[in-house]
Amino acid sequence: MIGPSVAWVATETSEEWLVALWRLLTLADYNSRVVILGTALLGCAAGVVGSFTLLRKRALVGDAISHAMLPGLGIAFLAATLSGGDGRSLPILLTGATISGLIGAAAILGLRSTWRLSEDAAFGIVLSVFFGAGVALLGVIQSLEAGHAAGLEGFIYGKTASLSWTDLMAIISAAAVALLLCAMYFKELALLCFDQAYAESQGYSKWWLDGLLMSLVVGIAITGMQAVGLILVIALLIIPAAAARFWTHRLSRQVLISAGIGMAGCFGGGMASALLPNLPAGAVIILACAILFLFSLMFGSAQGMVWRAIRRWQWQQIMLRQHLLRAVYEQAETKTSGPEIAGDFEVRIDVADLMISRSWSKPLLERLVDDAQREGLVTRIGFQVALSRSGWVQAKRLTHQHRLWEMYLITHADVALQQVDRLADDIEHVLEPSIIHELEQLVQGRTVEVAKSPHQLPEPS
Amino acid sequence: MVSDRPATSPHSASNPGDLGANRPMLSPLQVWDLTVAYQRTPVLWDVAFQVEPASLVAVVGPNGAGKSTLLRAILNLIPRTSGKIQIFGDEFSAQRRRVGYVPQRESVDWDFPVSVLDVVTMGLYREIGWLWPVRKQHRARAMEALNQVGIADLAHRQISHLSGGQQQRTFLARALAQNADLYLMDEPLAAVDAATELAIIQQLRAMKQQGKTCVVIHHDLQTVPEYFDSVLLLNMRVVASGPVAEVFTPENLQKTYGGRLTLLDEVSSAMRRQEKLL
């Protein structure tokens, strides 16, 4: 056995290293071809199945199942060896692992429903007890003569580097079956994950569909156990699916992207472990997936942090501009005789006066005025600003909305006059036309151009 | 246990409620002697009632009265301790397609990556069948259902971007797409805006015109006489059921909401204590 590290590309000089890289990228070596194709397919299938378990909010079930597989391996080995068979026979080992994995899943369900143990405690107990039992069994097996060479510990951390052609065939068929089943039952699985009660009311059996999903998880865990090990295989089920959530709001794309990320992570991790000596492939694959996850978290087009920060910043700018326009309008209003400034938008306002009207700093105000001028909303003349025609139209609308909302808060929500301005400031930017219309009806019983400011009205008693 | 039954219970097990029991048409929903218990703690006791065809029925009662449990028991989503339920004079499993369900809006995760149209087509999955994809005709029918509830313009919006009222309309559209004859709705009017409430009520009335029956859990007592034909007053047992004009009286409401049902409460908590001792 070669060991967990992928040591099949020996490199000495940088030139040799480049050649090795080239051979790797082109999958020239039989061994690298087997390993990288195998793990990439596994990642693809795990990404698809993982999307459903994640959306079903059952991501940890796979974890418990995979850990619970270890004692099954040991028992299967011992049973086969003691009855005179070959304990290393893969079908026997995997059957044992499957059975004990399923017993683990059943134990969780039983603990939860029969003894009403909380879910996290049930998971913790089953996961650790089964895994502990498995490690103890492996210790016993190691001390046996026949067991020493069995290489069962390879299942814990995976033996990526020594994947054989048979293993690849097993992965290909398992992945193909998993992908086929997910495609066939796509809409039913989606319905189960979204709204289980409705699915049941429609006559879908929860047990059947959940059973299908759990069988897929067991299948992936069994297949992945040899490649990345039973501890890390759960990461392939969770990380790509969670990363894909940052890229899309559509289920079909979520599944495809998750498959892609799982594939890319396995591919990249396999490559890295081949090029860098002494790196265990299973671990590198998970780290590669984690890097893709971090990248998605930052730059994911649907919910990535960077885009969200940008959107928040843009929103902030819009709010600031709206505040500026309203401030100019309100100043213009006081300069002319009351609200009858219709058409008279070219009233010049001192920038210094604007400073007082809101608590903004001078550089900020300067920048806001410059930006607004660039947008053609205001014109700047020395130390004065005036609204342009389009700026005036906008400012009028904004002031109207702001005051409507203020009025509503005072007359219908019993908010003190002093608090009103602040509250109205936050809300006015998100008022939709239908709400504005409703407010107009409610506050004034009619549609008007610009409402009067409640601050100028006599205080309500 | 029978002797412990509250004296106010108007029903016996063999005689379902008084909503037009002599009508020749098949009742969309009949319930006899329904008892449901969670962890051996009874939630519904001896519930019996009957619903008239083409009517709007409100299910009214305080929190914890078992309103949602009643709908879930009718839909076979939870096991029942005893009782018999008939849908159009038949078993539920045989009439499943004729029953539409609108679950509580809060029961699902609205961050789920699907669009409004996707959710509405879910009402057609049974009809589409296993292994078949959603096709053009189904999307067209889902659009039609969205049109009925007035949010066709939101068809391609992600459900995470919907307001509460829009979410509720989406759920209603999903049930409408199924084109059932009996609808069971869990608080479709809870915390929705005025426009949504109006749209949903108009839709319910249109459904009634088409001969459909809606059993609706409703929380706003003020609007019951305006919106509904009959009412089921529920507080772990049926306090009263029948036409709104007859049943929706201050005395009955007092029985439903006022004063806890001490006997039931005591029995329930006694059973809970016993459960812990075992």
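**Salt bridges and chain contacts in a predicted two-chain model**

Across the interface of chain B and chain A, the rule finds two salt bridges, a salt bridge being a side-chain nitrogen of Lys or Arg within 4 Å of a carboxyl oxygen of Asp or Glu. The model is a predicted one, in which local features need pLDDT of at least 70 and side-chain atom pairs count only at pLDDT 80 or more, whereas totals for chains, interfaces and linings use all residues. Residues are numbered from 1 along each chain as its sequence is written, chains are lettered from A and ligands numbered from 1 in the order in which they are written, and side-chain values use heavy atoms, with hydrogens and water left out.

The interface can be described first by its contacts and its area. With contact taken as heavy atoms within 4.5 Å, 34 residues of chain B are in contact with 25 residues of chain A. The size of an interface is often given as the accessible area lost when the parts come together. Here chain B and chain A bury about 2,800 Å² between them, and 61% of this area is on carbon and sulfur atoms; buried area is the accessible area (1.4 Å probe) that two parts lose on being put together, summed over both. On the side of chain B, the residues that lose the most area to chain A are B:Phe112, B:Pro113 and B:Trp130, which together make up 24% of what that side buries.

Side chains of opposite charge can pair when their charged atoms come close. Such a pair is formed by B:Arg174 and A:Asp195, whose side chains meet in a salt bridge with an N to O distance of 2.7 Å. B:Arg174 lies in helix H6 (residues 164-177) of chain B, while A:Asp195 lies in the loop between helix H9 (186-194) and helix H10 (196-201) of chain A, so the pair joins two chains. Helices (H or I, at least four residues) and strands (E, at least two) are DSSP runs, numbered from the N terminus. B:Arg174 counts as buried at 0% relative accessibility, and A:Asp195 also counts as buried, at 2%, where buried means under 20% relative accessible area, exposed over 50%, and partly exposed in between (1.4 Å probe, protein chains only).

Over all chains, the structure holds 16 salt bridges. Within chain A, the side chains of A:Glu330 and A:Arg403 meet in one of these, at 3.2 Å from N to O. Because A:Glu330 lies in helix H15 (residues 305-335) and A:Arg403 in helix H18 (residues 389-413) of chain A, the pair ties together parts that are 73 residues apart in sequence. A:Glu330 is partly exposed at 24% relative accessibility, whereas A:Arg403 is buried, with a relative accessible area of 1%.

Within chain B, a salt bridge of 2.8 Å (N to O) is found between the side chains of B:Arg98 and B:Asp181. This pair links distant parts of the chain, 83 residues apart, with B:Arg98 in the loop between helix H2 (92-95) and strand S5 (99-102) and B:Asp181 in the loop between H6 and strand S6 (182-185) of chain B. B:Arg98 is partly exposed, with a relative accessible area of 33%, and B:Asp181 is partly exposed as well, with 26%. In chain A, salt bridges that share partners join A:Lys362, A:Glu366, A:Asp370 and A:Arg380 into one network.

Chain A is divided into domain 1 (14-300) and domain 2 (308-445), with bounds that come from an automatic or database domain assignment. The C-alpha centres of these two domains of chain A lie 57 Å apart. Chain A contains 20 helices and three strands, and of its 461 residues, 49% count as buried. The accessible surface of chain A comes to about 21,500 Å², of which 65% belongs to carbon and sulfur atoms; accessible areas come from the Shrake-Rupley method with a 1.4 Å probe, and for residues only the protein chains shown count as cover.

Chain B, for its part, has 11 helices and nine strands, and 55% of its 278 residues count as buried. Of the contacts in chain B with a separation of 6 or more, 70% are accounted for by residues 24 or more positions apart.
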